Amino acid sequence: GPDMWAFATSVVAAGENLVVIHSKPATAQTLAIEVDSSTWPGVVGTIAGDDTVFVAAVDASACRDIDRRLRFIAGLD
């Protein structure tokens, strides 16, 4: 749910196809599952570690949209 996005500490676009979410320790997989189960256009998939999620985007436009959406829902605007 929305409360889990409080785990995110930063959202950064890296290049044209990757958005990196940094999170509190041991919370990255929870955020990755949320992104993977979303129906957001342009999300190809995620890779999660302990405190970092890589979100792969289909193209540069989708990357910008995903970056903006994640910043907004995580309250990091």
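This note sets out numbered points on the fold, the core and selected residues of a predicted model.

1. Basis of the note. The model is predicted, so local features need pLDDT of at least 70 and side-chain atom pairs count only at pLDDT 80 or more, while totals for chains, interfaces and linings use all residues. Residues are numbered from 1 along each chain as its sequence is written, and side-chain values use heavy atoms, with hydrogens and water left out.

2. The sheet. Four strands make an open sheet in the order β1-β2-β4-β3, with antiparallel pairing. Because β1 and β3 (43-48) stand at the edges with a single partner strand each, one side of each has no neighbour in the sheet. On average, neighbouring strands are turned by 20° against each other, direction ignored. Helices (H or I, at least four residues) and strands (E, at least two) are DSSP runs, numbered from the N terminus; two strands pair if DSSP finds at least two bridges between them.

3. Strand pairs. Strand β1 (residues 8-13) runs antiparallel to β2 (residues 18-23) over five bridges, and Ser 10 stands opposite His 22 in β2. These two strands form a hairpin with four residues between them, and Gly 15 in the turn has a positive phi of about 80°. Five bridges also join β2 to β4 in the antiparallel sense; here Ile 21 has Val 53 in β4 as its bridge partner.

4. Helix packing. α1 packs on the sheet and touches β1, β2, β3 and β4, its direction making about 170° with that of β3. α2 lies across β1, β2, β3 and β4 and runs at about 160° to β1. Axes are lines fitted to C-alpha atoms, for helices over the stretch in contact, and angles run from 0 to 180 degrees between N-to-C directions.

5. The nonpolar core. The largest nonpolar core has 19 residues, of which Trp 5, Ile 21, Val 55 and Leu 70 touch the most other members. Two or more residues come from each of β1, β2, α1 (28-37), β4 (52-57) and α2 (60-73). Such a core is a set of buried Ala, Val, Leu, Ile, Met, Phe, Trp, Tyr and Cys residues joined through side-chain atoms within 4.5 Å. Leaving aside neighbours within four places in sequence, Leu 70 is in contact (heavy atoms within 4.5 Å) with residues including Trp 5, Ile 21 and Val 55.

6. Polar contacts. Thr 46 lies in strand β3, and a polar contact of 2.7 Å joins its side chain to that of Asp 36. Ser 23, in strand β2, is buried, with a relative accessible area of 6%. Its side chain makes a polar contact of 3.0 Å with the side chain of Thr 27. A polar contact is a pair of N or O atoms within 3.5 Å; within protein, one must be able to donate a hydrogen and the other to accept it, and residues adjacent in sequence count only if both atoms are side-chain atoms.

Definitions and conventions: Buried < 20%, exposed > 50% of the residue type's maximum accessible area, 1.4 Å probe, protein only.
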